[in-house]
Structures are given as C-alpha cells and as structure tokens.
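Reader: I should like to go through this structure by question and answer. Please begin with whatever term is needed first.

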Amino acid sequence: MLFTSNLSAQSLSSKEVVNIKNLHKYLKTEVSSQLKAEGKLTEAGIAEYFREKFSERFYYDYKTFNERLTTYNAIYDNEAEHKTRALDHLNKFYADTQWKLPSYYKNGDPVDAYALRHLARQHKMVDIALLYFNEGKNPEYIRYFVDQMESLNKALKANRYETIKDGNGVYEVYRAGYRITNWLWIHNMFLSDKAYTDADQLRTIATLLQHGQSLYENNAKFHAGNHQTKGMSALAAISILFRDFEGTDKWYDRAMSRLSEHLEKEINPDGFQFERSVHYHMADINNYFYAYQLTKINNIKVDQAWEDKLHSLFTTLPKIAYPDKNAPVLQDDTDNPWAETNDISGALTLGYLLYDDPSFGYFATNKVDAGMYWFLSNKQVAQLNNIEKKTPEYGSLAFKDTKYYIMRQGWEANDDMMIISAGVDADKPDHQHGDVLGIQAMANGHVILPNYQVRYSLKDFDLFKNSMVKNVALVDDELIGKEWTSNKGGSGFGKFKNLPTPTVITWNTNDKFDLFIGSHDGFENIDVTYSRQVIYLKNDFWIVKDNFKAPTAHNYKQVWQGHYTTELGSDLIRASFPDAAGTDIFQLNATDTVETSGANGKNWTVVSKKGENEFNFITVILPYQGYNNGIDKDQKTLKLKDWTVNTLAWGTNGSNTTVIANRDKCYAFGVKKMVQKSITLEASVETDLYMEAENGTLHVNVLGDKETTITVNNNSNSKITLKPGDHHIFNIK
C-alpha cells in the first residue's frame with residue numbers, strides 16, 4: 001500500500017464539499033499530529049503546509065512561477081489568444097453560473113449542451129488565470145475563479161447540476177477529470193500570489209477532494225474509452241498531491257489499477273491506441289503522462305508493464321510519420337478541421353524529455369504543446385534548449401494488430417511514404433471513418449493523397465467522416481460507412497452503425513517492392529466482392545489494383561483526394577505543386593468517366609467504369625519532380641520512369657494481361673500463361689506476378705489475391721502452389 005491509513009479520520013463525501021473549518025478532521029492521523037505538535041492545526045497552518053507540499057510534489061515549484069511565465073510568453077507568444085479566450089468566457093458566464101439546462105448566457109441566449117460541457121471542463125478558466133498575471137493582476141479574476149467553483153459546489157448541494165443520466169453530466173468522469181487537471185494548473189499558479197488567500201486555497205483543496213471521492217466511487221469497474229482514462233489520470237494526480245488525507249491511498253490504487261487496465265486493453269500489442277486515431281493516441285499519451293510524471297517526481301514506483309506500454313505509445317508516432325515529420329490524418333483527428341497532417345512534434349518532444357531518446361528528438365522542437373508546458377519540471381524545460389536528434393531507422397512496416405501498413409522509401413525530405421488503413425476496432429469503432437482499405441501518401445515533400453481532419457460540431461462532419469473524401473474504391477452509390485447516427489446535441493461525435501469487416505490477405509516487404517493485399521465485405525449487400533492490391537515499386541511509384549466481381553452489372557469507382565485536374569481524361573488525372581513537382585494517377589485499364597467535387601476548399605475526383613459485371617482498376621500513382629516529367633499517355637511506347645508498359649518479350653495469355661517491365665524484371669497483371677523460347681509459365685488461376693530472370697533462375701512472387709499453382713516448363717517441369725505474397729525461385733537453365 002502506497003499510503004498509510006488511519007480509521008480514526010473521517011471519510012470524505014462525494015455528495016458535498018467539506019467546510020474548510022473541518023478540513024483538519026479528514027487529515028491522516030500522523031499529519032494531523034504533526035501539525036498539532038507544531039501549533040499549525042489551523043486554517044493558516046494547514047494552508048501553509050499544503051503550499052510547501054505543493055512546492056515539493058507538483059510538476060514544477062510554484063515559487064518559480066514568475067520565471068516560468070516569462071519563458072512561456074517568450075516561447076509561445078500567445079498572450080493575445082489567452083486574453084481573447086478569457087474574455088469570451090467572462091462575457092458569457094456569470095461567476096455564479098448555472099450547471100443545469102436550461103441555462104442562459106449573460107446576454108439571455110440559451111446555453112446548449114455543447115457549451116455546458118465545455119463550461120464543465122473549465123478550460124477557459126486557465127486563460128482567465130493567465131490573464132490575471134499578464135495584465136495587472138486584477139483580483140476580480142481570482143474571485144471569479146473561486147466564485148465559479150463555489151457555484152458548482154452550491155449546485156451539488158442543491159442537486160441542481162447536469163447528471164450522467166442526462167447525458168451532459170458535470171461530474172461525468174471525462175469532464176470531471178478535465179476540470180481537475182485545469183484547476184490543479186490554476187491552483188499552482190495562484191499559489192504564487194498573495195491575493196489567493198488561505199481560504200481560497202483551502203476551498204480549492206476541499207472541492208478537489210470531493211471530486212476525487214466522486215471519481216473513486218463511480219469508477220469501481222473498467223469502462224472502455226478515453227473518458228475514464230482522463231478521469232483516472234486526474235484521480236491519480238489528486239491522490240499523490242493530497243496524500244495527506246484519509247482515503248487517498250484507495251484513490252491511488254483505483255486510479256492506477258484502472259489506468260493499467262486501459263493500457264492493457266486499449267493499447268494494442270503493436271503500440272497503437274485502439275481507436276486508431278492520432279488525435280486520441282496523443283490524448284492518451286497526455287493522460288498517462290500526467291500520472292506517470294507525478295510518480296517520477298514523487299519517487300513512486302510503477303509496474304514495468306505500465307512503463308513499457310507508455311513507451312510504446314511514443315515509439316508508434318515515428319513509425320507512422322511522413323518524411324516531413326508530421327503524421328497522416330487517421331480517423332477522428334479533430335485539432336484542425338480540414339488539415340491534411342497531424343503535428344506530432346509536441347508529443348515527441350514530451351517523449352524526448354521522458355526518455356532522452358534522440359530518435360524522439362528528431363521530431364522534437366524547443367517547445368511542447370502550450371498546455372503541457374505547465375506540467376514539465378524545471379529541469380525538463382531547461383532540456384528543451386539542448387535536444388539531441390537522430391534520424392529514425394524505421395522502414396516499411398506493419399501494425400499487425402491495428403492494421404495500418406506503412407510503405408516507406410526513407411527519411412529524406414522528398415522521399416515517398418504511403419499508409420494503408422485496413423482495420424476497424426471490433427469493440428469500439430465510434431471514431432472510425434469510412435476509409436477501410438483507404439490510402440494516404442506523401443512524395444516530394446507534398447501530401448499527394450490526403451485525408452482531412454474533422455470537427456464534431458461542424459455541419460460537414462458526416463461528409464468528411466465517410467468515404468467520398470477518402471482514397472477508396474466504391475460501387476454504385478454505396479458508401480463504406482453505413483447507417484450514420486448523428487450527434488443531435490452537437491456536443492460529441494456521430495458514428496456509423498455499419499462498417500465493413502476488412503481482411504488482410506498478405507503483407508510483404510522486400511528490397512524490390514512492398515505488397516499489401518486486402519479485402520472487405522462492404523459491398524456484399526449488393527452482391528459485389530471486392531479486394532485491393534497496393535504495390536510500391538521501391539523508389540519509383542505505386543500500383544493500386546481494385547478488383548470487383550458481381551453476377552450483374554454495376555458502376556465501379558475510385559475516389560482520389562487532392563487538387564487533381566481532369567483535362568487529360570478519365571485515364572490520367574494530375575496534381576501540380578508550387579515547386580513544379582507533381583503526381584499523375586494513370587489508369588492502365590481504360591475507364592469511362594471522371595468527375596470532380598469539393599467542399600470547404602478540399603477536392604476529390606471520382607473515376608468510374610460503368611455497367612460491368614467484373615472490372616479491375618490497375619492504377620499507377622506516379623510522383624515526379626519537374627513539370628515535364630509526368631506521364632505522356634500519347635507516347636507510342638508508354639514510359640513510367642524507367643519502366644515500360646506492355647513491352648515484355650514473353651508472350652502473354654490472360655483475359656486482359658498488362659505488363660510493366662524493366663529489363664529482366666516485370667510486374668504482370670492478369671497472367672494465365674507466358675511463353676519465351678523453350679520456357680512456359682502457367683498459372684492455375686488468372687493471377688498477378690512479379691518475375692525477374694537472374695543467372696539462370698526465375699524469381700516469381702504472387703501479387704494476386706488468391707492462391708495459385710505455378711508451373712514452369714523447360715527441360716524439366718517445376719510446379720509449386722503459392723499463396724498471395726509468396727516467393728519461389730525456379731531453375732530455368
């Protein structure tokens with residue numbers, strides 16, 4: 001047990017806030033005896049005691065606050081932003097505000113559920129606290145903070161607050177946890193100023209203790225998701241900072257037990273947070289950090305498994321990073337609506353400070369996220385001026401549990417990188433988008449196949465969450481995300497009731513190419529089977545092959561994101577960037593139509609093949625530098641960099657065989673039989689192959705989505721059955 005227990009002390013209540021005159025009754029006996037012996041068992045004495053304990057236990061010593069604030073303002077230069085946010089809150093809400101709907105702003109307009117939930121988080125109260133220090137220390141700002149906190153305490157006593165059953169619960173675990181973190185932040189700042197009286201300090205402590213008891217009582221069991229994680233992180237912090245009170249040892253045990261369960265159940269073995277979103281992944285990093293950082297400062301040992309899981313959250317981010325050090329947009333990423341990347345520098349700066357790992361330092365800057373600055377130690381702030389950097393060594397790789405697949409050229413600024421999304425969380429896919437088997441890519445320093453961030457409260461949320469704004473394949477008017485449930489209150493997220501079940505058929509990476517093959521059942525409701533192959537020809541380009549099969553005719557589609565133009569027809573669309581780099585998306589099987597659409601400054605292009613029972617898109621995604629280095633589809637011999645199309649000396653025999661060749665190696669699609677001189681290669685089912693002749697041998701890789709038997713006939717017959725992705729070497733001497 002971390003803390004000692006004494007049954008003679010009174011038990012804290014979650015139903016009311018202790019009168020500060022009675023706080024001493026809830027102290028552990030040894031603390032009470034110590035203060036009594038020193039003649040300090042008074043309000044002033046208890047306030048002085050906790051000022052000193054906060055100085056020792058908090059993330060940084062409040063006695064250094066003035067210096068910290070000067071550094072903060074110099075680094076972040078956001079005083080004006082803090083003022084705007086502070087005045088917004090001050091102008092909307094009275095200090096003695098209402099915590100139950102219906103409620104009204106100062107101007108008489110009704111407060112909706114979304115605004116009430118943000119009031120409950122108290123995040124703009126931090127801005128008010130910073131405004132106090134930045135603009136003349138107007139004591140009314142301290143009074144506003146204390147009085148608004150007291151208004152919640154009065155609402156609790158009078159039972160006039162939104163409950164969890166109402167859906168907008170003020171004491172709901174996430175909102176309460178968020179509020180506690182902000183209030184601890186504010187409390188530590190105000191401790192540096194005499195205008196924050198002994199009584200103010202003790203009221204804040206008493207309020208936080210009531211919150212702690214409430215979180216303890218209402219989280220006896222594990223509940224999936226970041227809401228409980230946020231609250232348990234806050235409960236751990238309170239239990240460490242106020243461990244002088246009876247019962248806080250139980251709080252600590254419960255908080256760390258729940259957090260351990262979340263780490264075990266919600267951080268996949270591959271290190272990715274189970275909701276598959278960069279936003280929620282980094283939010284979990286913060287949640288665990290708040291607790292872990294305090295255990296380190298207070299010399300409290302945590303389990304090794306706890307530490308290992310936390311470390312894995314950090315190592316995941318470099319693995320998915322683009323060459324420009326940002327991360328792709330994955331699922332419900334919500335920081336900057338319509339942004340095409342995620343800034344992970346703050347999270348990895350935090351990782352560098354925790355682990356002193358130069359591969360994290362590669363992404364780090366001289367600042368963490370602005371809010372996290374106030375939860376660093378003074379030593380860590382000093383470290384920001386001397387960050388060691390080492391280029392990561394990660395290449396192409398797979399998150400086999402989360403089902404993200406990375407095809408990477410390298411870490412130079414112009415290198416290629418693609419990510420394939422092939423998973424749906426089985427337990428809680430609430431934050432999942434309609435991007436099953438969708439791709440994103442960067443080349444030549446530009447996001448050439450983007451995805452877009454969203455915001456729950458925006459009217460276009462359901463559009464940007466679904467498949468019309470993803471790089472996916474579709475059939476007719478079917479979308480990948482089905483049975484959309486909107487958030488009627490505008491205060492949270494909407495979700496799909498029905499998402500496809502993806503199947504990863506194979507993942508293979510070697511020095512010649514990366515291969516991903518997967519399928520999903522999203523079109524089986526209209527009797528269409530579908531699979532996608534993605535091949536990265538190392539250092540050159542990608543081939544995406546979408547395969548559709550049905551007993552009746554359908555319209556088959558590919559959707560491509562980005563500012564692509566269509567004047568070259570449906571078989572060749574092009575994007576050009578300010579430095580004359582570009583990307584061509586070229587169809588090797590003829591298509592019929594192309595249409596462009598857009599919303600909020602984002603564009604997408606739909607290429608279609610109409611009225612077919614079966615069809616395969618064979619699509620080349622070719623990045624290039626220099627305006628004249630794109631594909632010239634009118635060439636007699638079609639060139640794709642150093643590769644040529646349909647020029648192989650071998651004869652081919654398939655329903656519609658396409659060959660991309662470069663000297664003695666080729667990628668052949670739709671192969672049934674190929675003949676050259678005395679050598680015949682036959683496949684038991686029509687398939688796709690990579691072949692390379694070398695020193696009397698023939699290397700064969702199966703690129704198709706089905707098992708096939710390959711027979712090579714020359715002087716002697718060789719036969720072998722290969723699964724998708726398998727490789728075999730035939731002797732052809």
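Author: Helices and strands are here DSSP runs numbered from the N terminus, a helix having at least four residues and a strand at least two. The model under discussion is a predicted one.

Reader: Between which strands is lysine 403 found, and what is its phi?
Author: Most residues other than glycine have a negative phi. Lysine 403 is a residue other than glycine with a positive value. Lysine 403 counts as partly exposed, because its relative accessibility is 26%. Its loop runs between strand 1 (397–399) and strand 2 (404–408), and its phi is near 70 degrees.

Reader: Is arginine 663 buried or exposed?
Author: Arginine 663 has its place in the loop between strand 20 (658–662) and strand 21 (665–676). Its phi is positive, near 55 degrees. Exposed requires a relative accessible area over 50%. At 81% relative accessibility, arginine 663 therefore counts as exposed.

Reader: Which residues have the most contacts inside the largest nonpolar core?
Author: In soluble globular proteins, nonpolar side chains tend to be buried together. The largest nonpolar core of this model has 138 residues, and a second, separate core of 49 residues includes Tyr280, Ile439, Ala441 and Tyr530. Tryptophan 374 touches, among others beyond four places in sequence, Phe58, Tyr59, Leu130 and Trp185. The residues with the most contacts inside the largest core are Phe242, Trp306 and Trp374.

Reader: How far apart in space are glycine 169 and arginine 117?
Author: Glycine 169 lies in the loop between helix 7 (139–158) and helix 8 (173–190), and it counts as buried because its relative accessibility is 1%. Beyond four places in sequence, glycine 169 touches Glu162, Thr163, Ile164 and Arg175. Glycine 169 and arginine 117 are 52 residues apart in sequence. From C-alpha to C-alpha, their separation in space is 7.9 Å.

Reader: At what distance from the side chain of glutamine 122 does the backbone oxygen of leucine 119 lie?
Author: Glutamine 122 sits in the loop between helix 5 (113–121) and helix 6 (123–134), and its relative accessible area of 1% makes it buried. Leaving aside neighbours within four places in sequence, its contacts are His89, Trp99, Gln148, Arg179, Asn182 and Trp183. The backbone oxygen of leucine 119 lies from a polar atom of the glutamine 122 side chain at a distance of 3.0 Å.

Reader: How many residues of helix 12 are buried, and where does the helix bend?
Author: Helix 12 (residues 278–297) reaches 28 Å from its first C-alpha to its last, close to the 28 Å expected. Serine 277 caps its N-terminal end, with a side-chain oxygen 3.1 Å from the backbone nitrogen of histidine 279. Helix 12 is largely enclosed by the rest of the structure, because 16 of its 20 residues are buried. The bend, of about 30 degrees, is at phenylalanine 289.

Reader: Against which helices do the buried residues of helix 11 pack?
Author: The end C-alpha atoms of helix 11 (residues 248–266) are 26 Å apart, which agrees with the 27 Å that its 19 residues should span. Its buried residues include Trp251, Tyr252, Leu259 and His262. They pack against helix 9 (198–217), helix 10 (226–241), helix 12 and helix 13 (304–320).

Reader: What N to O distance separates arginine 258 and glutamate 261?
Author: Arginine 258 and glutamate 261 are separated by about one helical turn, because they are 3 residues apart in helix 11. Arginine 258 is buried, at 9%, whereas glutamate 261 is partly exposed, at 21%. Their side chains meet in a salt bridge with an N to O distance of 2.5 Å.

Methods:
Residues are numbered from 1 along each chain as its sequence is written. This is a predicted model: local features need pLDDT of at least 70, side-chain atom pairs count only at pLDDT 80 or more; totals for chains, interfaces and linings use all residues. Side-chain values use heavy atoms; hydrogens and water are left out. A nonpolar core is a set of buried Ala, Val, Leu, Ile, Met, Phe, Trp, Tyr and Cys residues joined through side-chain atoms within 4.5 Å. Buried means under 20% relative accessible area, exposed over 50%, partly exposed in between (1.4 Å probe, protein chains only). Contact means heavy atoms within 4.5 Å. A polar contact is a pair of N or O atoms within 3.5 Å; within protein, one must be able to donate a hydrogen and the other to accept it, and residues adjacent in sequence count only if both atoms are side-chain atoms. The expected span of a helix is 1.5 Å times one less than its number of residues. The bend at a residue is the angle between axes fitted to the seven residues ending there and the seven starting there. A salt bridge is a side-chain nitrogen of Lys or Arg within 4 Å of a carboxyl oxygen of Asp or Glu.
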